[in-house]
Amino acid sequence: MRLIVFGGWGQLGTDLAATAAGRHELIRPRHSELDVSDADGLAAYVRDQAPDAIINAAAFHKVELCETDPARAFTVNAIGGLNVARAAAAIGVPSVFISTDYVFRGDASGGYVEDAPVGPVNVYGASKAAAETLVLGADPQGIVVRGSGLFGHAGSSGKGGNFVETMLAKARAGVALQVVDDQRFAPTATRDLAERIIELIERRVPTGIYHGANSGSCSWYEFARRAIELAGLSASLTPRATEPGPVRRPAASILLDTKSPGVGMAPARPWEDALSWYIDNRPPTS
Ligand SMILES: NC(=O)c1ccc[n+]([C@@H]2O[C@H](COP(=O)([O-])OP(=O)(O)OC[C@H]3O[C@@H](n4cnc5c(N)ncnc54)[C@H](OP(=O)(O)O)[C@@H]3O)[C@@H](O)[C@H]2O)c1
């Protein structure tokens, strides 16, 4: 298949390229070549390229900046999402929108199934929740795939790295670490998420929302502790409570996958196994 990926040079995009290599042709326009908020340019590009499906991994996802610049958050995430979905629908192919656990309020300690009502508590989450509605309304074949706490070897270009690398670098530098222990989520290896996205496209699954996180859950403190252990490092690491700040964050936003069996897919491996794979396969320079 011929697949376009918007946001294809970021953390997830890099793993989409690795996953699709030898299986599919991937077209990855740079942000500087094409902005997802440019509806006309995007529609023309999609018509010219004539893909079999489109993945939209482009995002403005620095949550603090989304809070102070909601117009940009909605322009890139919601309007950009709509533009991609409309361009896909115009040529009759499926689009995949990458979303987040931050669409949820965070008050379900047992986790959220795919069709649980959203209730974002910050601008980033609201822009992604709006995008989900717009995408599913605009593209009859559209699918939304949610991830949370992404970690991939490329690191997030929008966020400047990823949490695992930040923790390992600080541990190596001997920095005493205090990490929040009252926000729980399901970590997501971008290599696993990429494989899941490609498989959802290959299987031509019905339109709707899918969860692409690894299975299980942890707090950020537990995630940091396991990463440091797996990397063979030691650190002064203590749990702390979330402090009030400019951005509200969901306390428990664990993504539960109930749909994989119905579309013939295996559930994602546990986050601990994905993290172990990630640590074992880090490039030598990092
Ligand atoms: N990182 C997480 O923890 C996390 C958690 C849940 C969900 N997600 C979602 O997962 C997806 C992938 O995240 P990621 O970590 O791979 O992000 P990333 O590394 O920041 O990659 C995002 C990519 O989108 C591009 N981009 C940004 N704005 C654009 C625009 N207006 N038009 C076209 N391209 C644009 C960026 O290019 P430039 O760098 O050149 O601007 C970058 O290549 C996003 O939808 C994000 O919201 C992420």
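**Sheet.** I started with the strands: six of them form an open, parallel-paired sheet, ordered S2-S1-S3-S4-S5-S10. I took helices (H or I, at least four residues) and strands (E, at least two) as DSSP runs, numbered from the N terminus. Two strands pair if DSSP finds at least two bridges between them.

**Basis.** The model is predicted: local features need pLDDT of at least 70, side-chain atom pairs count only at pLDDT 80 or more, and totals for chains, interfaces and linings use all residues. Residues are numbered from 1 along each chain as its sequence is written, and side-chain values use heavy atoms, without hydrogens and water.

**S1 and S2.** S1 (residues 2-6) pairs with S2 in the parallel sense, over three bridges. I found Glu25 in S2 as the bridge partner of Arg2.

**Helix H7.** H7 (residues 190-202) packs on the sheet and touches S1, S3 (53-56), S4 (95-100), S5 (143-147) and S10. Contact here means heavy atoms within 4.5 Å. The direction of H7 makes about 165 degrees with that of S5. Axes are lines fitted to C-alpha atoms, for helices over the stretch in contact; angles run from 0 to 180 degrees between N-to-C directions.

**Ligand.** I then listed the 27 residues around the ligand; Leu12, His31, Tyr124, Ser157 and Gly158 come nearest. Near means a heavy atom within 4 Å.

I checked N or O pairs within 3.5 Å. A backbone N or O atom of Leu12 lies 2.8 Å from a ligand oxygen atom. A polar side-chain atom of His61 also lies 2.8 Å from an oxygen atom of the ligand. For Leu150, a polar backbone atom is 3.0 Å from a ligand oxygen atom.

**Shell.** S4 gives the most to the shell around the ligand, with three residues.

Technical notes: Polar contact = N/O pair within 3.5 Å; in protein donor to acceptor, adjacent residues only side chain to side chain.
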